[in-house]
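Reader: I am new to this structure. Could you show me how to read its features, step by step?

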Amino acid sequence: MTFSYYPGCTLKAKGKDLETYAVKSAEVLGVTMEELEDWQCCGAVYPMAKNEIATKLSSVRALVAARDKGQDLLTLCSACHHVIKRVNNDMANDQNVQLKANNYMALDVPYTGETTVIHYLEMLRDRVGFDNLKKAVVNPLKDMKIAAYYGCLLLRPSKAMSFDDPENPTIMEDFIKAIGATPVVYPYRNECCGGYVAMENNEYATQKCNTICTSATEMGADAIITACPLCMYNLDANTTENNLPVYYFTQLLARALGVEEDAQ
Amino acid sequence: MSHNKETLREIVIETAGVNPRKCMKCGKCSATCPAYDEMEYHPHQFVSMVEAGKIEELMNSKSIWMCLSCFACVERCPRGVEPASFIEAARLALIRQQGKNHLKAEDVPAKLNDKLPGQAIVSAFRKYSK
Amino acid sequence: MQRIGVFVCWCGSNIAGTVDVHKVAEALKSEPGVVIATQYQYMCSEAGQTLIKDAIRDHKLTGIVVCSCSPRMHEATFRKTAAAAGLNPYMVEIANIREQCSWIHKDMEVGTEKAIILGRAAIAKVHLNAPLVAGESPVVKRALVIGGGIAGIQTALDIADAGFPVDIVETKPTIGGKMAQIDKTFPTLDCAACILTPKMVDAAQHDKINIYAYSEVAEVKGFVGNFSVKIKQKARMVDPVKCTGCGLCVEKCPMKKVPNEFNLGMDKRSAIYIPFAQAVPKVATIDPTACLKMKTGKCGLCATVCEAGAIDYTQQDSFIEEKYGAIVVATGYNPINLDQFDEFAYNQSPDVVTSLEFERLTNAAGPTAGTLLRPSDGKHPHTLVFVQCVGSRCDGAEKGKSYCSKICCMYTAKHAMLCREKYPDTEVYVFYIDVRTPGKNFDEFYRRAVEEYGVKYIKGMVGKVAPQADGSLLVQASDLIEGEQLKIKADMVVLAAAIEPDQSARPLATMLTASMDTNDFFTEAHPKLRPVESPTAGVFLSGCCQGPKDIPETVSQASGAAAKVIGLLVKDSLTCNPCVAHSDELMCNGCSACEKVCPYGAITYQDKEFRMPDRTTAIRRVASVNPAVCQGCGACTVACPSGAMDLNGFSNSQIMAEVDAICK
């Protein structure tokens, strides 16, 4: 199984762990992640305004590159996934964006949203299969009680993301089960961590993250996993109460597959 | 409504791409908003104030910097109104004006720390500046 | 050459406001065959009709055109007018210059031009009209009621009391419907069972009513006055005649872990069961998906203990065919599935319940024997939050229903009030968008909940329900009046889920050729003037299958539908519609295309002897239309490849003449 892979800027710097463990684990699972050449930053937030075009072009370039290779486009960072998936929807459904982007880019073959954008977790669920993942696990994380933190970007708006039930998702819990650990369900797993507003207002993020971590702790979790470097930052650096160890989901995946050390 | 006010209202509605008249004023967006306590105007007010043409009030409100773009209001609105799109549109109406950036490049270094991911800087820059 | 009169109606300002009626009459005067063209303020009034009658006599008219409202409104009126003046009623044509012209145009000039064109088309058609004579068909004096809830029961009782036999077909093992699950009824707070069960017994004991419980309509053929219906009686594995309803089998059945539908899955029943104590018929039913004997062949305990010998594991579904003059649809409603609204945590906490579940939790025959206890731990709840409009009044495009479910405001007020009355230590919040209480003594009832019982009504919606580690539910909501975001720690949350038509309604509508709206509610023949009739003749509507309704409204409509049925069944015969299809046997090639598209089964084939040009004879297969069954829909005339099928009153040449006149 080979995918075009879009890493995004953070995964090459502060969030590189998310990527390293993902690539190593993918190898074990027979998945090849072919990083796109010359990818550009997606902008990290989806340009919601109907009349924004230029800010969507970097995503379109990645989508076109994957199409030209005839591959699905694999994402890992929640933010990149959100942006690229929604821009792809626009290219498929919003004539205004489609027309102007194509007009500007003057591609040989116009792009109209043909590429499938798939998140690493979706790849595990829909392509590898959690059952097969379970079979590949050599080091089941039996003693861990893990709270999945979904955040906002993977789930919402569900109409555009079609990732999982936006209010009662199961994909990360199923992932946790597959790697042999026990999932802990708590109500704030899909509530915001404070996001980019933490840049100018740390306390704000602290408030949100304390609610999230306290709830997860009360429900019996001893660790939290996330797929987003910004969530990781807020949960890790801006939580002051009931701090829990926060992991990228890929790190625990690598641990379960017995390749955590190799990745380092 | 004065001519300028009306034009501004039209621009904001066009930018948001949703119809404020679809709102049935149930307040579910404000019930769900994680930034409620930090805002002076709340998500449901963004919808009714846009409809009423009170755009400048929104542009000058701190609420536009507090929205987390978490899409909870978008997801849970029973009428498909997307209050977050109006907040985004009001913010853009401001920062698309020259010199009205909320976050300037020269302010960024002071905000950095060891752990802060690039994603946070890029996001904030996209949201707060043009 | 016909002698045609043209009568242009002003309809007050409805038509005259955007159509120059004088100009229309003037213009149509010069059309070929027109001997008189005039206008009047209200052509449907007595004076207007007299004007038409006088003109028919004075000018010896052979055909008339009335330029007025839709033929759905007044075609019958003007046909009667013509008949009274001695003109065949099928020599009347209506040019719809109101709904299809004046109401949709603003510009007088454009409207007038279009009205003239529409009038011209009708004149062209009248030229080709021929007098038609309607036949008669007999009426079967028996009614079918589909659905045995309060709507169906009331309709059946009223029809039966008028002396006509009625069959009720109910898909569940007992009649009673949703009302049997309800505890108290607003705004009087009488016990639902106390007022419903006597009616159920009345229905069971009525010598004119026959109940087919645990049965479904499988096939419908025929037409008004003469429907032929196939009813499937699902196998109960119990002989309903022998079963005495003693309940011994239910007691002894070892399989007791089946979710109990009657209590909405909040407790368990046995594999052989009687839904509730007052069930009608009080006959046990075996659930084949749970019964050990049926699944594994081992057990058979119920058959051993049954003294009446009523258990029969070999029972098969059986079919009954019956003829009816009229059919009443009373298929009811269900609360919607709440999977798409899990911000309210219905799938995440057992203490988040629907209002119907709440009814069972407060009902003496419910899973908690009438004591309000939290489903999760059986403890007494102290803080309850009611959320209105869950899935109602939504955009409708992606999730939820676009309509108001109508009954929720009142039952929520009832629940909140009863809660405070029975348990004064509770705090009760109701989150509402609007409180809608139009109805006799309804608003007073809601005000009592607020003023006398201290229910806290808060204008705003709940955004999220978060189940906490300590078992409580944190409700995050808007208080729009105070301008606050509230966080209430509740013990239970009750969701007023939107209601939708029962899922059996859509396939049934197809069988009945009855129309539905986009929400799968049955459409009425006229929203104001014919609210209990479906547009399909002989099919009537009762209760929530037509739209959300409370009990008093349902009962009124049920009696209304019964009155319409009685009005039909007292007739010995019905005048048929003469606008039926006929086949030109010389042109018919026997291809069966018409038979395949006919929704009424009106077309059959016959082998007929034809004389050929060379003086020999040949047998050819040709189509033949039964005029008593044909409803004149015209599908066959379109399907026929050789142009042999034609429709009386709407012949191909008439339609083409209209089109030509419009395109001229």
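Author: Start with an idea we need for chain contacts. Buried area is the accessible area that two parts lose on being put together, summed over both. Keep in mind that this is a predicted model.

Reader: How much area is buried between chain B and chain C?

Author: About 1,500 Å² is buried between chain B and chain C. Carbon and sulfur atoms give 48% of that area. Next, count residues. Chain B brings 17 residues into contact with 20 residues of chain C.

Reader: How many salt bridges are there between chain B and chain C?

Author: A salt bridge pairs a side-chain nitrogen of Lys or Arg with a carboxyl oxygen of Asp or Glu within 4 Å. Between chain B and chain C the count is two. C:Asp395 and B:Lys22 meet in a salt bridge, at 2.9 Å from N to O. On the side of chain B that touches chain C, α2 (28–32) and α6 each supply at least two residues. α2(B) gives the most to that side, with four residues.

Reader: Now the other partner. How many residues does the contact take from chain B and from chain A?

Author: It takes 44 residues from chain B and 46 residues from chain A. Chain B and chain A bury about 3,800 Å² between them. Of this, 57% is on carbon and sulfur atoms.

Reader: Which residue of chain A forms a salt bridge with B:Arg96?

Author: The partner is A:Glu52, and the closest N and O atoms are 2.9 Å apart. Between chain B and chain A the count is five salt bridges. There are also 20 residue pairs in polar contact across this interface, both at pLDDT 80 or more. Several helices of chain B each supply at least two residues of the side that touches chain A, among them α1 (3–16) and α9 (118–128). The largest share of that side, 10 residues, comes from α9(B).

Reader: How is chain B divided?

Author: Into domain 1 (3–97) and domain 2 (103–130). Their C-alpha centres are 24 Å apart. Seven residues from domain 1 of chain B and four residues from domain 2 of chain B make the contact. The two domains bury about 520 Å² between them, 58% of it on carbon and sulfur atoms. B:Trp65, B:Arg91 and B:Ile95 supply 70% of the area that domain 1 of chain B buries against domain 2 of chain B.

Reader: What joins B:Glu88 and B:Lys127?

Author: A salt bridge, with the closest N and O atoms 2.7 Å apart. On the side of domain 1 of chain B that touches domain 2 of chain B, α7(B) gives the most, with four residues.

Reader: What about the nonpolar core?

Author: In soluble globular proteins, nonpolar side chains tend to be buried together. Here the largest nonpolar core has 148 residues. A:Leu133 and A:Phe175 are among those with the most contacts inside it. Helix α7 (residues 83–95) of chain B gives the most to this core, with nine residues. A second, separate core has 41 residues, including C:Val8 and C:Ala122.

Reader: Which residues is A:Leu133 in contact with, leaving aside its neighbours within four places in sequence?

Author: Its contacts include A:Leu29, A:Leu124, A:Phe175 and A:Leu257.

Conventions. Residues are numbered from 1 along each chain as its sequence is written. Chains are lettered from A and ligands numbered from 1 in the order in which they are written. Side-chain values use heavy atoms; hydrogens and water are left out. A nonpolar core is a set of buried Ala, Val, Leu, Ile, Met, Phe, Trp, Tyr and Cys residues joined through side-chain atoms within 4.5 Å. Buried means under 20% relative accessible area, exposed over 50%, partly exposed in between (1.4 Å probe, protein chains only). Contact means heavy atoms within 4.5 Å. Buried area is the accessible area (1.4 Å probe) that two parts lose on being put together, summed over both. A polar contact is a pair of N or O atoms within 3.5 Å; within protein, one must be able to donate a hydrogen and the other to accept it, and residues adjacent in sequence count only if both atoms are side-chain atoms. Domain bounds come from an automatic or database domain assignment.
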